[in-house]
Amino acid sequence: MKKAKPSILIIGNSISAGFAAIKAVELGMNVRLLIEHPFARSHDVSISCGIDANTSSDDSSEAHLSDIISAGDGITSRKRTGAMCDLAPNICSFLDRIGVPFDRSNEGFIAPRRSSNSKYARTAYAGELTSLHIVAALERELRRIAYEDGLALGILEGMELASIIKDSNGRCIGATAINCLTLEVEPIAADAVIICSGGYEALYSNHIGSQKQDGASIAQCFIQGAKLSNLEFYSSINLAIKIGGSLSEICESILLDGAKIQIGSNMALDLSQANPLLIERRYPILMKRCAELLKLDPFKTPIPLKVAVRNSIGGISIDDGGKTSIDGLFAAGGSAVSPCGANASGPNMLLTSAASGIMTSKAIADLCLGSENPDPPASLLDDAKVRVEDEIEHIAAMSGKERPAQIDFDLKEIMFDAIKQPQAGNMIQSAINSVRAIKERIESIGIADTIRTANREISFTRRLVRKTELAEALLISKLAREESRGEHIRADFPKRDDAHFMRTSFIEYSKDGHKLL
Amino acid sequence: MSTVLLKIRRRDEHDESSYWEQFSVPYTAGMTVLDAIRLIDFNPTTTTGDKTAPVAFDCSCSDGMCGACAMTICGRARLACSTPVDACADPIVIEPLKKFPVVRDLVVDRSAMFDTLAPASCSIPCDEIEAKSYPRAISKEDTMEMQRFLGCSMCGICIDTCPSTTERAAFTGPFIFPAIYALNLHPTGKMGAPERMDFAMSRRGISDCNAAKNCEMVCPMGIPVPEAISKIGWLALKHGIKRMLW
């Protein structure tokens, strides 16, 4: 039976998911948006940098691209980033139109700020809460669309991705989702699935942002046959403060407002030269954190800083249209490999999220609009559902001695140790062995929570199983890249080796040890 | 202080009665209440030595930005990730937010807040993402006002502490009015102002606000909610007169 409109399933509550959904509705597709939590709880809200767009008259898309390429350390995807830079002014203008209050010039137009890696004023910025404003504006827009036309956009809330569903030809025909409240499994058929559930920063113990960005969805696609790329790369910041057991980002623009970084064994942010009135007006959240949580006067005592992982760079391998190695499965934002290369600035990562969502929906429209889309056989959906239900029952029945939280903690420490200092090959190999030992420990987990309602432990353990696979793949990719590029630094290969490694790395899942391609 | 004592009000299911359990977790300097609750996962055993289920709670960013970990800590609604353990009484009494249906333990259902956004016209309907559009000028002052009033993390703490938001009252809660006011300042947003004002004048609108101003005191994002409500009051009056005449 030919359906009137192709249906697409978008997974995640990230900025890329928001843009992908709005664009897909605009292109006339039926969208189902699968979110575990509302957008307001998105991992993207903690990013306090702005978004880059070549909006000023002396700037251009070419200059923007050239800056991204120089930051990307030789492995930038020029076609995709070029398209992204072309889209950037439109994205910025769209966000402005839906109510993101970007800073203004005296004439009333968007006044971009200069970012650290560019000579142009390019970062549209709305204060410390820029990302929160963006996420909130997208959420308002999405809720409005869903309210006005529930058929065009349906928001499936409180659901988390369990697996993708493939037909006999290996084509993705939908996904199964777990209801986080009841642990019931629901198969959802779709002509295309986009994974937009963020990156895998939370694999490291010293990350900023949400614990939920643990790469479990990426790993699920990996296990089901999607290739991953550039896992070894990440971008870090040194402007992070430690609050309790978590790290928070300080907006980079504070350096333009008179703050200085004191470099040394105890890195700190010195505000003694800055204008207190300006700082208090522009950074109220930072001031509040200093007063209530760090208990210091930032204008007298420098704020202690930490180095933290801000973004993962790698992810699901995609082509220029966002298609993964599995037909019908797409990835965007943090879940997909960044087109920017081995490294990218925060505002460009935010732009990547937005642009990749749009580009992916456009690619799907080109593929699916007007084509025959037969309904998938019900038996395939039921089989996938039963497999997930069996896994949930298997985990619920685990009665070993290990605690999932402890294993997760140990995994993060292993991953952090692998990047804390430049490591030699033998150290990375020993980290791989440690991750394999963790895999064995998972077998002896004991589930203490016997109640099914809002059971975090079963879902956490499911994610943990996937995270370890991703962690192992990451370390294998790290071991294989025998050079230093971006922030991937090897003690035994301290130089960039363009002759052998000026390329994107690929890795494929295998039960007997993941295969590098 | 080498350990932190947590007294948590638990509830296994929505319709079951609640009970208290007490946990002791190791103390580290600078730890937040969220850190302490997370430590229970490592060894879910009460102070009486009984093995129990780990406590269910919501959290995402751990950064004070996403509003997920709002709960009642020592009688006051606040974000667990932004509350230092040192600032709390001993034991730290933790309960779910009081004005939302409890799903389990500290998890509450705040979906009603999100469901209100669209009926309140709390959005600016957009054209196409890639539409050619000329930049619209917004004055610096209006932008600063918008930055001050937008940025709600939808944590629900204002609703929890608002004496006017009760089960029997139709009042939506304070959270929505700063956004309504700020979106009215936007050049395209102004076009939706009549609908927003209709909402503000409806039974769910501002007439039930008793100006207790708790919302301003407790808002983790520091949004001056009462100021927005009073400004909307004046705009609503003008809107009402217009509605009568035309």
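Biologist: Which conventions and confidence limits apply here?

Modeller: This is a predicted model, in which local features need pLDDT of at least 70 and side-chain atom pairs count only at pLDDT 80 or more, while totals for chains, interfaces and linings use all residues. Residues are numbered from 1 along each chain as its sequence is written, chains are lettered from A and ligands numbered from 1 in the order in which they are written, and side-chain values use heavy atoms, with hydrogens and water left out.

Biologist: At what angle do helix α1 and helix α8 of chain A pack?

Modeller: Helices (H or I, at least four residues) and strands (E, at least two) are DSSP runs numbered from the N terminus, and an angle, from 0 to 180 degrees, is taken between N-to-C directions of axes fitted to C-alpha atoms, for helices over the stretch in contact. Here α1 (residues 15-26) and α8 (residues 346-368) of chain A pack at about 30 degrees, with axes 7 Å apart. α1(A) is therefore roughly parallel to α8(A), a term for angles under 35 degrees.

Biologist: Which residues of α1(A) and α8(A) make the contact?

Modeller: Contact means heavy atoms within 4.5 Å; among the residues involved are Phe19(A) and Lys23(A) of α1(A), and Leu350(A) and Ile358(A) of α8(A).

Biologist: In what order do the strands of the open sheet in chain A lie?

Modeller: Two strands pair if DSSP finds at least two bridges between them. The 3 strands of this open sheet follow the order β7-β8-β9 in chain A with antiparallel pairing, and the edge strands, β7 (159-166) and β9 (185-189), each pair on one side only. Neighbouring strands are turned by 25 degrees against each other on average, direction ignored. Between β8 (residues 172-179) and β9(A) there are 5 bridges, and Ala177(A) lies opposite Glu186(A) of β9(A).

Biologist: Which residue of β5(A) is the bridge partner of Asp52(A)?

Modeller: That partner is Thr123(A), and Thr123(A) is also the bridge partner of Arg113(A). β5 (residues 121-124) pairs with β3 (residues 51-52) in the antiparallel sense over 2 bridges, and 2 bridges join β4 (residues 113-114) to β5(A), again antiparallel.

Biologist: How much area is buried between chain A and chain B?

Modeller: Buried area is the accessible area (1.4 Å probe) that two parts lose on being put together, summed over both. For chains A and B this is about 5800 Å², 56% of it from carbon and sulfur atoms. On the chain A side, Arg41(A), Arg97(A) and Arg456(A) lose the most area to chain B, together 14% of what that side buries.

Notes: Parallel < 35°, antiparallel > 145°, perpendicular 65-115°, else oblique.
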